[in-house]
Amino acid sequence: MNLDNNWKTRLKPLLDAPKFIELWTFVTAAYQKEVCYPPQQEIFNAFNHCSFDDLQVVIIGQDPYHGQGQANGLCFSVNSDIKHPPSLRNIFKELVVDCSKSYPKSGDLSAWAKQGVLLLNATLTVAEGQAGSHQKKGWEQFTDEVIRYISVNKKDVVFLLWGSFAQKKIKIIDTSKHHVLTSGHPSPLSANRGYWFGNKHFSKTNILLKQLNKKDIIW
């Protein structure tokens, strides 16, 4: 299991639990049986690119991309040579307007992660061409416990909850000690109805971080 040792130590009780062992048995078998994404060594990239100590922001996605070469273990992110999916395009369109930036050429969001943005999908794996195929196998319970762990053991984290699925996670976040920004999902269905564009979450996040005397994110 390619998981950063610091995170592995912190999450050891969770990783040793029978439910996770059962989940990992399923995942290992799935990768042997068929093509799954992201590549097995990148399943935990959200953690490997964002240390617990540096963590400042959490963005919650739902499911990895299921097309060839897309998923890289970070929610909404694709590898640099891959065409940007619709949700990512809308994220970048909002970023351009909100932060007066040029539209990014690369869809790889690892630079965000390395600045302390945990890009966490609720489900960390998927079978090729089968959206949601690894849901309800145990990943959701695992990532919920990760969010709960962050909520309990960190302070003043900014949680960006985009869409109704992510917003349900608010029940496991201590809003008395953390900061939560919500909006519609960046998917075309939501964005075209006016629920995404104009949320200014990137600039609002940096305003909060500056107020907390933390380094802002270079989005």
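**Exercise 1.** Which residues touch the most other members of the largest nonpolar core?

*Solution.* Keep in mind as we start that this is a predicted model.
- Step 1: Take the largest nonpolar core, a set of 66 residues.
- Step 2: Pick out those that touch the most other members: F44, F47, I59, W112, W139, F142 and I150.
- Step 3: Helix α3 (residues 18-33) does, with 6 residues.
- Step 4: Now zoom in on I59. Leaving out residues up to four places away in sequence, I59 touches C75, F76, W112, V117, L118, L119, L120, L160 and W162.

As background, nonpolar side chains tend to be buried together in soluble globular proteins.

**Exercise 2.** Describe how helices α5 and α10 pack, and say which residues make the contact.

*Solution.* 
- Step 1: Find the helices: α5 covers residues 86-99 and α10 covers residues 201-211.
- Step 2: Read the geometry. The angle is about 55°, and the axes are 8 Å apart.
- Step 3: List the contact residues. Helix α5 brings I91, E94, L95, D98 and C99, while α10 brings H201, F202 and S203.
- Step 4: Sort them by type: 4 are nonpolar, 2 polar and 2 charged.

**Exercise 3.** Is H84 buried or exposed?

*Solution.* 
- Step 1: Locate H84, in the loop between β2 (57-61) and α5.
- Step 2: Its relative accessibility is 10%. Buried means under 20%, so H84 counts as buried.
- Step 3: Check the surroundings. Beyond its neighbours within four places in sequence, H84 contacts V78, R89, F92, Y103, P104, K105, S106 and G107.

Note on methods: Residues numbered from 1 in each chain as written. Predicted model: local features only at pLDDT ≥ 70, side-chain atom pairs only at ≥ 80, totals over all residues. Heavy atoms only, no water. Axes fitted to C-alpha atoms, helices over the stretch in contact; angles between N-to-C directions. Helix = DSSP H or I, 4+ residues; strand = E, 2+ residues; numbered from the N terminus. Contact = heavy atoms within 4.5 Å. Nonpolar A, V, L, I, M, F, W, Y, C, P; charged D, E, K, R; others polar. Core = buried A, V, L, I, M, F, W, Y, C linked by side-chain atoms within 4.5 Å. Buried < 20%, exposed > 50% of the residue type's maximum accessible area, 1.4 Å probe, protein only.
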